[in-house]
Amino acid sequence: MITCYLKYVIDPYKLKEFEHYAKLWIPLVNRLGGTHHGYFMPHEGANNIALALFSFPSLAAYESYREKMAADPECQAAFAYAEETRCILSYERSFMRPLFE
């Protein structure tokens, strides 16, 4: 299993728009073969950092998801929404291997 860790720098004045964007992606990731673990929104501390975590059985499964995502109209609409609202200033993506025991 691999887990994708996304760290977003968001516009704190567009938190509502980012939350809408995040809610679009949770079912999309799940529908396209991943397991979304949710978004983690600013509460205390930095007001412009949000995180997302989602997992796939393997890196190959993630690559398959990326191919499906590129052709999916709902995914493209979600990307367009973020671009139109400019709620995301930047992001970084890393892949982690979970350790449970």
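A nonpolar core is taken here as a set of buried Ala, Val, Leu, Ile, Met, Phe, Trp, Tyr and Cys residues joined through side-chain atoms within 4.5 Å, where buried means under 20% relative accessible area, exposed over 50% and partly exposed in between (1.4 Å probe, protein chains only). The model is a predicted one, in which local features need pLDDT of at least 70 and side-chain atom pairs count only at pLDDT 80 or more, while totals for chains, interfaces and linings use all residues. Residues are numbered from 1 along each chain as its sequence is written, and side-chain values use heavy atoms, with hydrogens and water left out.

The largest nonpolar core holds 25 residues, and Y8, F18, W25, F54 and Y65 touch the most other members. At least two residues of this core come from each of β1, α1, β3, α2 and α3, and α1 gives the most, with 6 residues. Helices (H or I, at least four residues) and strands (E, at least two) are DSSP runs, numbered from the N terminus.

Which residues of α1 are buried? They are F18, Y21, A22, W25, L28 and V29. These residues lie on the same side of α1 because they cover an arc of only 130 degrees around the axis, the arc being that of the directions from the helix axis to the C-beta atoms. An α-helix has 3.6 residues a turn, so residues three or four places apart point the same way. On the other side of α1, K16 and K23 are exposed.

The buried residues of α1 pack against β1 (2–10), β2 (35–40), β3 (49–56), α2 (59–71), α3 (73–85) and β4 (88–96), with contact meaning heavy atoms within 4.5 Å. For W25, residues up to four places away in sequence not being counted, the residues touched are H36, Y39, Y65, M69, C75, A78 and F79. Just after α1, G33 takes a positive phi of about 105 degrees.

L32 sits in the loop between α1 and β2 and counts as buried, at 8% relative accessibility. Neighbours within four places in sequence aside, L32 is in contact with F56, Y65, K68, M69, D72 and C75.

Turning to the strands, an open sheet of 4 strands has the order β2-β3-β1-β4, with antiparallel pairing; two strands pair if DSSP finds at least two bridges between them. The edge strands, each pairing on one side only, are β2 and β4. From one strand to the next, the twist averages 15 degrees. The antiparallel pair of β1 and β4 runs over 8 bridges, and the bridge partner of Y5 in β4 is S94. Helix α2 packs on the sheet and touches β1, β3 and β4, its direction making about 110 degrees with that of β3. Axes are lines fitted to C-alpha atoms, for helices over the stretch in contact, and angles run from 0 to 180 degrees between N-to-C directions.

Within β3 lies A50, which is buried with a relative accessible area of 0%. Which residues is A50 in contact with, leaving aside its neighbours within four places in sequence? The list is L6, K7, Y8, I10, F18, F40, M41 and P42. For one of these contacts, I10, the C-alpha atom is separated from that of A50 by 7.1 Å, with the two residues 40 residues apart along the chain.
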